[in-house]
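Visitor: I am new to protein models. Could you walk me through this one?

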Amino acid sequence: MASNSMNFFTTLLLLTTCLSYVASFEFQVGDTKGWVVPPANDTRIYNDWASENRFRAEDSVRFRYKKDSVMEVTEEEYKRCNSTQPSFFSNTGNTVFHFGRSGTFYFISGANGHCERGQRMIVKVMAQDEASSTSSNSEKSSAARIRTSSLGSLKFVFTPLAVWGFASILL
């Protein structure tokens, strides 16, 4: 009996000390509507959506679309709604773009005429220290993050030590 409780507490200790919680989040672009040409009277829909959220380095955005594409471009290409050499291009219909750094990211649709009709977005990604101070000082920031969590997913990562420790206890 003592051996079972010791194994339980050892497992619990290993999991709590070796489980790394990665504070990254996946946002669904356009919420339930996805990445589509916006209505003529709402061409700022994606920039409004992006400004209501707080993006951090290591977060990602998921673009869902049909018969379209998404490109990450320079600021100049964003303004022109044109890119012959985007930094990133995908036309799979279910694209995940990972923010590996803080900074400003520019996205446009690669479909002819869609960007000019408002299918483009600017995402400002905060550094971790900037995001922490903004979150603690702004209720809107945390509320937006919680509100969007129903359309995203948090990621957990097991470190090799946690997996080894857990496996050794079970065996």
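Visitor: How many disulfides does the count come to?

Guide: Welcome! This is a predicted model, where local features need pLDDT of at least 70, side-chain atom pairs count only at pLDDT 80 or more, and totals for chains, interfaces and linings use all residues. Residues are numbered from 1 along each chain as its sequence is written, and side-chain values use heavy atoms, with hydrogens and water left out. A disulfide is a pair of cysteine sulfur atoms within 2.5 Å. Cysteine 81 and cysteine 115 are joined with S to S at 2.1 Å, and by this rule the count is 1 disulfide.

Visitor: How many residues apart in sequence are the parts that cysteine 81 and cysteine 115 tie together?

Guide: Helices (H or I, at least four residues) and strands (E, at least two) are DSSP runs, numbered from the N terminus. Cysteine 81 sits in the loop between helix H3 (75–80) and strand E5 (88–90), while cysteine 115 sits in the loop between strand E7 (103–109) and E8, so the pair ties together parts that lie apart in sequence by 34 residues.

Visitor: Are cysteine 81 and cysteine 115 buried or exposed?

Guide: Here buried means under 20% relative accessible area, exposed over 50%, and partly exposed in between (1.4 Å probe, protein chains only). In the chain, 37% of the 171 residues are buried. As for cysteine 81 and cysteine 115, both are buried.

Visitor: What percentage of the contacts with a separation of 6 or more comes from residues 24 or more positions apart?

Guide: A contact means heavy atoms within 4.5 Å. Among contacts in the chain with a separation of 6 or more, the share from residues 24 or more positions apart is 75%.
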